[in-house]
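User: I have a structure to go through with you. Could you help me read it piece by piece?

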Amino acid sequence: EAYFQGKEILSGKKILITAGPTYEKIDPVRFIGNYSSGKMGFALAEVCAERGADVTLIAGPVSLQALHPNIKRIDVESAEEMYNVVVDKFPNMSAAIMCAAVADYAPEIRDEAKIKRTGDDLLLRLKPNKDIAAALGRMKKTGQVLVGFALETNDEEENAWIKLNRKNLDFIVLNSLQDKGAGFKCDTNKITIIEKSGNKLVFETKAKKEVAADIVDVLNMYF
Ligand code: CTP
Ligand code: CA
């Protein structure tokens with residue numbers, strides 16, 4: 001226990017973290033996005049950096065700062081941009097934590113000019129984006145650790161278990177919606193971790209930085 005709280009315990013480890021939402025352009029002035037603040041991913045980046053890891057933080061559009069010198073930040077906007085950067089960086093990583101709320105769909109056609117208000121109905125056709133976590137699950141080499149998140153509204157643990165297997169994750173962090181102090185925009189979170197062994201770890205509602213420390217403690221056991 002005390003050993004895991006040692007300060008430089010992650011030195012020599014390279015950890016990739018995705019954070020925040022993605023924005024999918026509709027035209028030059030509009031996008032489809034979501035309410036992710038990026039706080040959980042930035043908290044994870046800070047905890048990993050403080051423990052001596054070399055962190056690569058791939059951030060969607062967020063209004064947060066990552067000040068720790070061990071954090072190398074790469075800003076992206078769309079799911080496609082995030083996919084390209086993450087797939088390029090992953091082979092060199094010890095672990096990846098997929099914390100971003102990646103858009104599942106993007107407009108099929110991106111207008112080059114601002115869409116005008118005509119008064120008629122407007123139909124936006126959406127095409128599925130690539131699953132970044134699943135792509136890493138296919139690329140994963142022995143020794144690399146892959147961590148995902150899940151936000152479910154029903155059959156939470158069963159759906160998280162299906163996701164863990166579909167994406168070839170080592171463990172998945174289930175964000176509980178059953179608690180008022182949890183989730184998007186919030187400074188606290190309530191999580192359950194489900195490991196590929198089937199082992200389940202239930203945590204209390206805590207500040208996101210403390211939740212991040214719990215997640216990194218579990219990650220540590222995989223190295
Ligand atoms: N994820 C990803 N790329 C995507 C979609 C999701 O890397 N295009 C990752 C998320 O970062 C998270 C995990 O996959 O770690 C689960 O995301 P979630 O949205 O809960 O699952 P989906 O597979 O997209 O399924 P659904 O939204 O339908 O529940
Ligand atoms: Ca999704």
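User: What classes of residue make up the shell around ligand 1?
Analyst: By class, the shell around ligand 1 has 9 nonpolar, 3 polar and 3 charged residues. Ala, Val, Leu, Ile, Met, Phe, Trp, Tyr, Cys and Pro count as nonpolar, Asp, Glu, Lys and Arg as charged, and the others, Gly among them, as polar. Please note that this is a predicted model, in which local features need pLDDT of at least 70 and side-chain atom pairs count only at pLDDT 80 or more, while totals for chains, interfaces and linings use all residues. Residues are numbered from 1 along each chain as its sequence is written, and chains are lettered from A and ligands numbered from 1 in the order in which they are written.

User: Which residues are the closest to ligand 1?
Analyst: The closest are Met98, Val102, Ile132, Ala133 and Gly148, out of 15 residues that surround the ligand. A residue is near a molecule if its C-beta atom, placed from the backbone, lies within 6 Å of it.

User: Which element gives the largest share of that shell?
Analyst: Strand S9 does, with 4 residues. S9 (145–151) and helix H3 (132–139) each supply at least two residues. Helices (H or I, at least four residues) and strands (E, at least two) are DSSP runs, numbered from the N terminus.

User: And which residues of H3 are buried?
Analyst: They are Ile132, Ala133, Leu136 and Gly137. Buried requires 20 or more other C-beta atoms within 10 Å of the residue's own, all placed from the backbone.

User: How many bridges join S1 to S4?
Analyst: There are 6 bridges, and the two strands run parallel. One of the pairs is Lys14 with its bridge partner Asp54 in S4. S1 also pairs with S6 in the parallel sense, over 4 bridges, and Ile15 stands opposite Ala95 in S6.

User: Why is S1 largely enclosed?
Analyst: In S1, 5 of the 6 residues are buried, so the strand is largely enclosed by the rest of the structure.

How values were computed:
Buried ≥ 20, exposed ≤ 12 C-beta atoms within 10 Å, placed from the backbone. Pairing = 2+ DSSP bridges.
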